[in-house]
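Here is a friendly walk through one model, written for someone who likes to see where the side chains meet. Have the viewer open as you read.

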Amino acid sequence: MRDLHNNIAPKRVISPVSVADNTAQVGQIIDRQGFQALEYVILTGSLSDADATFTVLLEEGDASNLSDAAAVADADLLGTEALASFTFAADDKVFKLGYKGNKRYTRLTITPAGNASAALLAAVAIGDPLLAPTANPPA
């Protein structure tokens, strides 16, 4: 059966936001319990500052508040943080970054630099659950 709908669990990471400075956009902590894989999807809208850059960082840990947060090792990523990062030229694009590590909690952060105008961003995490079908709407 070709059914993605019942076999994914999307989670909000960064709600759609307009960022007009260099404030880091720290995503929600995602609990991976019950998931065998996790993919972060980053969406951009208009990025109006002509020299802004946006750096992506993925952290992991076992504490539910990520007080033990550490940057994810490259070996535990699918894709790279560099490929998920972007510049002002990436209006209306989608980027992805996968996690295959073994820590329970992860968190995505997007940090702007050189940004003084509105930049529209959002991110979601898509989990591959051990048990399906998943709830609709997602829990």
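Which residues touch the most other members of the largest nonpolar core? In this predicted model, Ile42, Phe86 and Leu108 hold that place among the 26 residues of the core. Several elements give two or more residues to this core: strand 1 (9-19), strand 4 (35-47), strand 5 (53-61), strand 9 (94-99), strand 10 (105-113) and strand 11 (119-129).

**Around Phe86**

Setting aside its neighbours within four places in sequence, Phe86 is in contact with Ile42, Thr44, Leu47, Thr53, Phe54, Phe95, Ile110 and Leu121.

The structure holds two aromatic pairs, and their values are set out here.

| Ring pair | Distance of centres | Angle of planes | Arrangement |
|---|---|---|---|
| Phe54 and Phe86 | 4.9 Å | 15 degrees | stacked |
| Phe86 and Phe95 | 5.2 Å | 15 degrees | stacked |

Why do these pairs count as stacked? Planes under 30 degrees apart are classed that way, and the planes of Phe54 and Phe86 lie at 15 degrees, so this pair qualifies. The planes of Phe86 and Phe95 are also at 15 degrees, so that pair is stacked as well.

Phe54 belongs to strand 5 and Phe86 to strand 8 (residues 86-87), so their pair ties together parts that are 32 residues apart in sequence. Both Phe54 and Phe86 are buried. Phe95 is buried too, with a relative accessible area of 15%. Through these ring pairs, Phe54, Phe86 and Phe95 are linked into a cluster.

Now let us turn to strand 10.

Strand 5 and strand 10 run antiparallel and are joined by nine bridges. Within strand 10, Ile110 is the bridge partner of Val56. Ile110 is also among the contacts of Phe86, and Gln25 stands opposite Ile110 as well.

Strand 2 (residues 25-26) is joined to strand 10 by two bridges, and these strands run antiparallel. Strand 3 (residues 30-31) likewise pairs with strand 10 in the antiparallel sense, over two bridges. There, Ile30 stands opposite Thr106 of strand 10.

Notes
Residues numbered from 1 in each chain as written. Predicted model: local features only at pLDDT ≥ 70, side-chain atom pairs only at ≥ 80, totals over all residues. Heavy atoms only, no water. Core = buried A, V, L, I, M, F, W, Y, C linked by side-chain atoms within 4.5 Å. Buried < 20%, exposed > 50% of the residue type's maximum accessible area, 1.4 Å probe, protein only. Helix = DSSP H or I, 4+ residues; strand = E, 2+ residues; numbered from the N terminus. Contact = heavy atoms within 4.5 Å. Phe/Tyr/Trp six-rings, centres within 6.5 Å; stacked < 30°, edge-to-face > 60°. Pairing = 2+ DSSP bridges.
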